[in-house]
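This report describes one protein structure for a reader new to the subject. Please look at the sequence and the model first, then read on.

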Amino acid sequence: MAENPTDVVIIGSGIGGLSLGIILARCGYRVTIAEKNARPGGLMRGYVRQGIECDVGVHYMGALEEGQILRRMFDFLGVTSAVPLTRMGRDGVVDRYHFDDRVFDMPPGLDAYQERLLSAFPDEERQILAVMERLKSAAIQLNSLDLLLGEDQAWADMEQFEPMGEYLRRLGCSPALRTVLGVPSCWIGVPLDDCPVFYHNMALSSYLLSAWRLRSGGIEMADAFAERFRELGGELITGDGVTAILAENRRKSPVSGVRLASGKEI
């Protein structure tokens, strides 16, 4: 299709819409993104209310070290240098978890994380080693993109979609260990008893590979993606959301365009 580029309309300028727009523009397509909000970025962009900055979307990112998977994606999109990032864990602590009866310091690196767990829960070596075996496997799959492109497709194993909470109970983990291991499900926003092992391990392993935070909310990140899209010739319409998808016949004819709230048709 890239040999005969056509017009493409993308609805929404979140990280998905902007990333897709950049990729298609790089392939030679003429791309328009329609965004209902006044500024692009979706949940990449925070906002300020009464002098308080509210980061509603991106807080941390993982696997952004040179050669790691998210860095390779950012490099391909051409946004790496424009996204203001700070490396976490330089003092040996990426995150500090405060519980009623303990504090757990999460270190950078899979091996260091394993050692910290074994130190904090010396009576649960069997459970920790079982969890870490799956976690390290997830890290390898993530960084090589085997989860999407490999012939093995290990992520599609139904055991990977077992809820993390059920998996930890089956291993016989103590409530304290379950609580520490369950924190990544909070990052994803899915309760531990609903969060599949696959998603939990992908989030945690990426963060342990290398952890980063945005220096100033998501505003610069959103602007970096939007500017890159425009550099490649894309058109970004803001403050004018899509109200209808146009097609002569819903069953037989292909989509021909969209109608915006302003009445403009693309």
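With which residue does E162 form a salt bridge? E162 pairs with R170, and their closest N and O atoms are 2.8 Å apart. A salt bridge here is a side-chain nitrogen of Lys or Arg within 4 Å of a carboxyl oxygen of Asp or Glu.

## Basis of the report

The model is predicted, so local features need pLDDT of at least 70 and side-chain atom pairs count only at pLDDT 80 or more, while totals for chains, interfaces and linings use all residues. Residues are numbered from 1 along each chain as its sequence is written, and side-chain values use heavy atoms, with hydrogens and water left out.

## Overall layout

The protein has ten helices and twelve strands. Helices (H or I, at least four residues) and strands (E, at least two) are DSSP runs, numbered from the N terminus. Along its principal axes, the C-alpha trace spans about 65 × 45 × 30 Å.

Of the 266 residues, 42% are buried. Buried means under 20% relative accessible area, exposed means over 50%, and partly exposed is in between (1.4 Å probe, protein chains only). The protein exposes about 14600 Å², of which carbon and sulfur atoms supply 51%. Accessible areas come from the Shrake-Rupley method with a 1.4 Å probe, and for residues only the protein chains shown count as cover. Among contacts between residues at least 6 apart in sequence, 61% join residues at least 24 apart. A contact means heavy atoms within 4.5 Å.

Helix α3 covers residues 110–120, and its buried residues are L110, Y113, Q114 and L117. These residues lie on the same side of α3 because they cover an arc of only 100 degrees around the axis. The arc is that of the directions from the helix axis to the C-beta atoms. The face turned away from this buried side carries the exposed residues D111 and S119. The buried residues of α3 pack against β8 (103–106), α4 (125–144), α7 (175–181) and α9 (197–209).

In helix α2 (residues 69–77), the buried residues are I69, R71, F74 and L77. Their cover includes α1 (15–26), β5, α4 and α10 (219–231). Just after α2, G78 takes a positive phi of about 85 degrees.

## Tyrosine 60

Y60 is found in strand β5, which runs over residues 60–62. Is Y60 buried, exposed or partly exposed? Y60 counts as partly exposed because its relative accessibility is 39%. Leaving aside residues up to four places away in sequence, Y60 touches M88, D95, W187, Y207 and W212. The C-alpha atoms of Y60 and D101 are separated by 26 Å, and the two residues are 41 apart along the chain.

## Charges and salt bridges

The protein has 28 positive and 36 negative charges, and the mean positions of the two sets are 6 Å apart. Lys and Arg count as positive and Asp and Glu as negative, while His and the chain ends are not counted. The place of a charge is taken as NZ of Lys, CZ of Arg, CG of Asp or CD of Glu. Side chains of opposite charge can pair when their charged atoms come close. The structure holds 14 salt bridges.

In the opening pair, E162 counts as buried because its relative accessibility is 14%, whereas R170 counts as exposed at 52%. Another salt bridge joins E166 and R169, whose closest N and O atoms are 3.3 Å apart. Both residues lie in helix α6 (residues 164–171), three residues apart, which is about one turn of the helix. An α-helix has 3.6 residues a turn, so residues three or four places apart point the same way. E166 is partly exposed at 35% relative accessibility, and R169 is partly exposed with a relative accessible area of 41%.

R39 forms a salt bridge with D223, with the closest N and O atoms 4.0 Å apart. This pair links distant parts of the chain: R39 is in the loop between β2 (30–34) and β3 (47–49), and D223 is in helix α10, 184 residues apart. R39, R45 and D223 are linked in a network of salt bridges.

## A buried arginine without a partner

R178 lies in helix α7. R178 is buried yet has no salt bridge, and the nearest side chain of opposite charge, D193, is 4.3 Å away. Not counting residues up to four places away in sequence, R178 touches G165, L168, R169, C173, L192 and D193.
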